[in-house]
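Please examine the sequence and the structure shown here. The paragraphs that follow lead through pairs of charged side chains and then through pairs of aromatic rings.

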Amino acid sequence: MAHDAENGSPQTFGQRVRRERERKGQTRPVLAGLVGRSTEWVKAIENDRLGMPRLPLLLRLAEALGVDDLAALTGDERIAAAIYTKAAHPALLRVKESLTTYDPLTRDEEPAPAAALATRVQNAWQAWHGFGDHRSRVANVLPGLLADLQHAARTHEGTDRRRVQVLLAQAYHLAQLYLSFQPAPELVMLTGDRSMTMAQDADSPHAIAASAWYLNHVFRDAGEGHEARVDLAMKSLRLLDPERGAEDIALGGLLHLAAALSFAKVGQKGNAERHWDRADAAAKRLGDAYVHPWLMFGRGMVDAYAITMNNDLVRSGAAVDAATHIDLGVMQSATRRSFHIIETARAYSLAGESVAVVHLLKKAYEASAETARFNLFARGTAAELAESGSTIIRDDARGLARQLGVAA
């Protein structure tokens, strides 16, 4: 534990942040605005309800506080690269090459029929959502699938070409999902842009809406302002007509969910809840049995994202309450189930319930090992509790840290 040089008293990361803020004469709302977070987020950091953020946000915090030496905030706490940076999947280089290799020459062979390519894309989505090592399975098929779709998009004409472009947009979504939580932010931006380009070239409102949902994730990861994210979602929403059927209703609900998450990220509770309510209304209209075949929008997804929304608003009580009213075990996607279990663990972490956190992270690992292994919260929290957790959980936390690849 670090000690203050002036009085020798022990200090936590949150206490050091508060000391630097007060020395600079800043209020919490001012600091929150400078780092793009809510006042409640700053309060939670200073009260040690939230731990040390990962490096990009830590650097932004130091800049806002006018701190030249990170040690003024971190003290003697080591920033372990294995925890606070993104782990690379073994197939990352192969996927990267498939996205950045260009073949200007036209293939001699005929392109695959659009229907056959549609089946391959559907199978790839099933591999992503299925139980087991979903990243590895998708990485095995993605390079060849992208190459064949690109060839078909250049070769087919008319309706078939537009259909292939829609499929190519979906394949880029899969690539973006694979690249999430990987040390390749430039490729995440690339796949997001390419998916929207294909969707627009195909003139498909459904493909554009799906691309807007995934681009919202890109923008959040890149730290773009929430205004740009919400504007994109709402413009795409205008292309949809709920009277056309379930697909338009689901995609509309998904875009409202994107807006809710974007507003929550910056602490705008009213706007976040307003858009979540509209996503909830779409899920109700579709019925409890409806689940979108690859986007997974439905009753369970909307309820589960209420946990994330309240986590980002730093409302631990509301997040835990949302978690207790949903059965994640019935969620049809193992990857989504694992992610939302991790988000539930994050809610209990905000509430200071470390026993529940370890239990839930173990369940998330069992649901989808690769989802947990590449999740920054899961990695950082397991390592932290393995080192400083109470004796009742430390052995379990150490075992979990070994599984996640962050053991000391």
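**Charged pairs and aromatic rings**

Arginine 18 and glutamate 22 both belong to helix α1 (residues 13–24), where they stand four residues apart, about one turn of the helix. Helices (H or I, at least four residues) and strands (E, at least two) are DSSP runs, numbered from the N terminus. The model is predicted: local features need pLDDT of at least 70, side-chain atom pairs count only at pLDDT 80 or more, and totals for chains, interfaces and linings use all residues. Residues are numbered from 1 along each chain as its sequence is written, and side-chain values use heavy atoms, with hydrogens and water left out.

Side chains of opposite charge can pair when their charged atoms come close. A salt bridge is defined as a side-chain nitrogen of Lys or Arg within 4 Å of a carboxyl oxygen of Asp or Glu, and a search of the whole structure finds 19 of them. One of these joins arginine 18 to glutamate 22, with the closest N and O atoms 3.0 Å apart. Arginine 18 is partly exposed, at a relative accessible area of 39%; buried means under 20% relative accessible area, exposed over 50%, and partly exposed in between (1.4 Å probe, protein chains only).

In helix α16, arginine 299 and aspartate 303 are likewise placed four residues apart, and therefore about one helical turn separates them. Their side chains meet in a salt bridge (3.0 Å, N to O). Arginine 299 is buried, at 15%, whereas aspartate 303 is partly exposed, at 22%. Elsewhere, salt bridges with shared partners join Lys265, Asp312, Glu343 and Arg346 into one network.

A further salt bridge connects the side chains of glutamate 273 and arginine 315 (3.5 Å, N to O). This pair links distant parts of the chain, 42 residues apart: glutamate 273 lies in helix α15 (residues 269–286), and arginine 315 in the loop between α16 (299–312) and α17 (316–324).

The whole structure also contains three aromatic pairs. Rings of Phe, Tyr and Trp (its six-membered ring) pair if their centres lie within 6.5 Å; planes under 30 degrees apart count as stacked, over 60 as edge-to-face and the rest as tilted. The rings of tryptophan 213 and tyrosine 305 have centres 6.1 Å apart and planes at 80°, so this pair is edge-to-face. Because tryptophan 213 lies in helix α12 (residues 205–222) and tyrosine 305 in helix α16, the pair ties together parts 92 residues apart in sequence.

Tyrosine 305 also forms a tilted pair with phenylalanine 339, at 6.2 Å centre to centre and 55° between the planes. Both tyrosine 305 and phenylalanine 339 are buried.
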